[in-house]
Amino acid sequence: MSKDHYNTLGISKDASDDEIKKAFRKLAHKYHPDKGGGDEAKFKEINEAYQILSDKQKRAQYDQFGSAFEGAGGGASAGFGGFDFSGFSGGGPGGVKFEFGGDGGGFGDIFGDIFGGGGGEGRRQQQERGNDVSVDVEISLEEAVTDTERDVNLHLSSVCSKCDGSGAELGSNIKSCRTCSGTGQVKKEKRTILGVFAQMEICQDCQGQGEKPEKNCSKCGGDGRTKESRNIKIKIPAGIATGQTIRLSGQGEVGFRPKSGKSVPGDLYLTVHIKPHQIFKRNGDDIIYNLEINFSQAVFGDKIEVQTLQGKIKLKIPAGIQSGKIIKLKDKGLPHLQGRGKGNMFVVIIIKTPEKLSKKQKRLFEELKKEGL
Ligand SMILES: [Zn+2]
Ligand SMILES: [Zn+2]
């Protein structure tokens, strides 16, 4: 049987790799057996042509020896036995995702390259485990002093309210999957240059659950889950710092047909960010605060009201304090995360030199000057 692979793909003999890929992609979409007007025989022929022409070595051989090479090499045409075309059924609304059981000599990878990532949330992409979800939350430094709570509203895959997560339409039963005889696995043949190997794979019909609804739920399409707005209360522990992440096990998206008990939900990861504070700097669990005082306060000492994370306190400034001196306020920092004890607050004294003086102030400072101050 002589075939012209270039003709099959509708390209010229000097077509570039890119042109081959494009032509194949277009034709594969047009003829793929699951589509209206699809043609399995034609599709196989296109695959065959592509498998040879997309492989530099095979293409060179084909160009040199023509179809004769196929009979001798046996690689390409025989390789299609490994593909399961039933795998094309059930494309989701986002488009069809191509999945091949056997890789037929690297073909699966090429498919992935061309079609991968393009699919929406097609039913072929269902996973037994729900997706992990991550969110960012911003809190104030004051909020980090004590345990705090946040409500986050997330749009997540949740248990379908109509079927309660079973995936079955009302009145329809869950039955053992016929494709895999209830085992959840199917045997696939993998062809390699060393021969044919049998490989067990997860049954795509039941996603490895071994059972499926007789009739799919009309709301979730048998998935057992739908996207819903979910309000989740998250407890944020005292002492948390920017960039730290809280993991809430099982609070992510629900898995495939959650009621079956055979899938697990994903986790929710919450990353905390602390808003920069107007007057405080954080250093670990310590707080640093610059306090400006004037000359006379430094000379005579004073009692000044200062803000701390725990509220206002009266701070005693000793007489004769120097600029740059640090006053430590014990335990006025942040609590250690999940531990005992607290950080401290450090008040850095800054003596402010007056820049504009009234006539009277000027006269007084001149007096001081005469006194050597
Ligand atoms: Zn449902
Ligand atoms: Zn099955």
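**Close-up views of a predicted chain**

View 1. Thr226 is located in strand 7, which covers residues 225–236; helices (H or I, at least four residues) and strands (E, at least two) are DSSP runs, numbered from the N terminus. The model is predicted, so that local features need pLDDT of at least 70 and side-chain atom pairs count only at pLDDT 80 or more, whereas totals for chains, interfaces and linings use all residues. Residues are numbered from 1 along each chain as its sequence is written, and chains are lettered from A and ligands numbered from 1 in the order in which they are written. Thr226 counts as partly exposed because it has 19 C-beta neighbours inside 10 Å; a residue is buried with 20 or more other C-beta atoms within 10 Å of its own, exposed with 12 or fewer, and partly exposed in between, the C-beta atoms being placed from the backbone. Leaving aside residues up to four places away in sequence, Thr226 touches Ser158, Cys160, Lys219 and Cys220, a contact being two C-beta atoms, placed from the backbone, within 7 Å. The C-alpha atom of Thr226 is separated by 9.8 Å from that of His155, 71 residues apart along the chain.

View 2. Four strands in the order 10-11-15-14 form an open sheet with mixed pairing; two strands pair if DSSP finds at least two bridges between them. Strand 10 (281–283) and strand 14 (326–329) stand at the edges with a single partner strand each, so one side of each has no neighbour in the sheet. Strand 11 (residues 286–293) and strand 15 (residues 345–351) run parallel and are joined by seven bridges. Leu291 has Ile349 of strand 15 as its bridge partner.

**View 3. Two loop residues with positive phi.** Ser181, in the loop between strand 3 (174–176) and strand 4 (185–192), has a positive phi near 55 degrees, although it is a residue other than glycine. Ser181 counts as exposed, because it has 12 C-beta neighbours inside 10 Å. Arg257, also not a glycine, has a positive phi of about 40 degrees and is found in the loop between strand 8 (245–248) and strand 9 (268–274). Arg257 is buried, because 31 other C-beta atoms lie within 10 Å.

**View 4. The chain and its confidence.** The chain has nine helices and 15 strands, and buried residues make up 25% of its 373 residues. The mean pLDDT, the predictor's confidence in each residue from 0 to 100, is 81 for the chain, and 82% of the residues reach 70 or more. Over residues 69–127 the pLDDT is below 50, and this stretch has 96 contacts in the model beyond near neighbours in sequence.
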